[in-house]
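Q: I'm new to reading protein models. Could you walk me through a few features, one by one?

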Amino acid sequence: MENVFWWKGSVEIPTEGSFIQLNQDKTITVPDNPIIPFILGDGIGPEITPEMIKVVNASVEKIYGNSKKIYWVEVLAGDKAEENGLDRMPKETLDLLKQSIVSIKGPLGTPVGKGGKSLNAILRQSMDFYSAIRPVFYMGQPSPIPNPERVNVTVFRENSDDVYMAIEYMPKSEGAKKVREFFIKEMNVSEYAIPEDAGITVKPMSEFKTKRHVRKAFRYALENGKKHIAIAGKGNIMKATEGSFINWAFEVAQEDEFKGKIITEGEPQEGQARIYKVITDQMLMQLVLKPEYYDVIITQNLNGDYISDLASALVGGPGFVPSGNIGDGYALFESTHGTANDIAGKKVANPLSIILSGAMMLEYLNWKEASKVIYQAVKKVINAGKGTPDIASGFRKMGLSSTELTTSEFGDEIVKEIKNL
Ligand code: NAI
């Protein structure tokens, strides 16, 4: 692939490519020849990421011929960076991701027992990707529920607040002792509530961070004709945090931009969406029983983690859904599963999550026609019973015939279908 610039001792910036521009109003201007950096990823990353590039290239060529072309630039992170004597998240990588505005990555492992911050956390914080967006929809793959075509929900998980800020005090540590003493002596908290041997995790949630996330989700719902938006949280128990989150979401609906468009009562009409307040545990149950009730779910960081995985499970698991981390213009798309070390190198990894993340990236670039052909081609291949062993065995369990493909054969089939469309 002549438009892929692999890392060869350093990053190679193609002279034929141009950088995406971030405008003052946080929108982006995309040239016809954008430079998009990619991180191969660890474990199965080197097997699945090239499939995504292959499929995205085919879709762009199909729709735009030679008038648009992505210039892919490999940047290192994780195992490959370490093997080349670099930090697991080299500064050179972070700098190019920032300069390029939009990028994509395979899964990155967090080595157990080596210490150091998770690479995903470094990435998310470095460009303030405050919304994690996971669209979950069904394409014909084996699924654990009846009529999975009822599932078509986009989960907006706040990505910069909540217990993930790692303000934590281990049981019996100096920190825990100090915090406990403060609560008991200064804040009238009972000893029953914080026993001497308690670990303490702090859960901050701010109006600024919540509202910018909610605005993004409202804009998405309106642009995509989504009618029903659930604001999920346990505001009944955590009034100061999740309760405030829900109240702030309703306040955003009153802002000039959304007045008359985001409604709180009645049936939404053309150009409108309605918001509902839902309690997370109730909603998780409803999501399994009546997934068709949910178009968009807006939630906090921890709840979002649970909700997006459950939603993904309804359509066969995280291997079938894409994901995007979006900030003010900056965007990083990624596969939702981990490095799957148990199957790495065996040519059996399912590349769909990163391929669909590539399609989601094309939508973000506003190259929507190209992303559409990826979804169409993937649907065709799956509905013909073809796929990697996880998909093929699922079909067999349902008593259906199937064709088992390797990772790259699966990518080839999708490319073939794109060309045939
Ligand atoms: P995992 O997702 O890597 O694996 C869980 C199970 O699902 C394994 O049996 C694996 O073989 C299977 N699986 C995952 N992706 C698959 C695919 N594409 N095709 C076929 N089978 C697949 O989760 P695990 O084992 O908890 O995590 C492994 C490593 O990945 C850890 O270091 C973790 O920190 C990292 N991780 C990275 C993420 C990221 O970069 N966004 C997300 C989740 C985990």
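This is a predicted model: local features need pLDDT of at least 70, side-chain atom pairs count only at pLDDT 80 or more; totals for chains, interfaces and linings use all residues.

Q: Which atom of threonine 110 lies 3.1 Å from an oxygen atom of the ligand, backbone or side chain?
A: For polar contacts, look for N or O atoms in pairs within 3.5 Å. In threonine 110 it's a backbone N or O atom that lies 3.1 Å from a ligand oxygen. Lysine 105 uses its side chain instead: an N or O atom there is 3.2 Å from an oxygen atom of the ligand. Then there's histidine 337, with a polar side-chain atom 3.3 Å from a nitrogen atom of the ligand.

Q: How much of the ligand does the protein bury?
A: Picture the ligand taken alone: it exposes 810 Å², and the protein buries 60% of that.

Q: On to rings. How many aromatic pairs does a search of the whole structure find?
A: The general idea is that two numbers describe a ring pair: the distance of the centres and the angle of the planes. The search finds 8 aromatic pairs. In one of them, phenylalanine 5 and tyrosine 71 have ring centres 6.3 Å apart and planes at 40 degrees, so the pair is tilted. Phenylalanine 5 belongs to strand S1 and tyrosine 71 to strand S5, so this pair ties together parts 66 residues apart in sequence. Both phenylalanine 5 and tyrosine 71 are buried.

Q: Why is the pair of tryptophan 6 and phenylalanine 38 edge-to-face?
A: Check the angle: planes over 60 degrees apart count as edge-to-face. The planes of tryptophan 6 and phenylalanine 38 are at 90 degrees, with the ring centres 5.5 Å apart, so the pair is edge-to-face. It links distant parts of the chain, as tryptophan 6 is in the loop between S1 and strand S2, and phenylalanine 38 is in strand S4, 32 residues apart.

Q: Is tryptophan 6 buried or partly exposed?
A: Tryptophan 6 counts as partly exposed because its relative accessibility is 31%. Phenylalanine 38, at 0%, counts as buried.

Q: Where does the charged end of lysine 68 sit?
A: Over the ring of tyrosine 64, 5.1 Å from the ring's centre. Arginine 157 has its charged end over the ring of tyrosine 164, 5.1 Å from that ring's centre.

How values were computed: Residues are numbered from 1 along each chain as its sequence is written. Side-chain values use heavy atoms; hydrogens and water are left out. A polar contact is a pair of N or O atoms within 3.5 Å; within protein, one must be able to donate a hydrogen and the other to accept it, and residues adjacent in sequence count only if both atoms are side-chain atoms. Accessible areas come from the Shrake-Rupley method with a 1.4 Å probe; for residues, only the protein chains shown count as cover. Rings of Phe, Tyr and Trp (its six-membered ring) pair if their centres lie within 6.5 Å; planes under 30 degrees apart count as stacked, over 60 as edge-to-face and the rest as tilted. Helices (H or I, at least four residues) and strands (E, at least two) are DSSP runs, numbered from the N terminus. Buried means under 20% relative accessible area, exposed over 50%, partly exposed in between (1.4 Å probe, protein chains only). A charge sits over a ring if NZ of Lys or CZ of Arg is within 6 Å of the ring centre and within 35 degrees of the ring normal.
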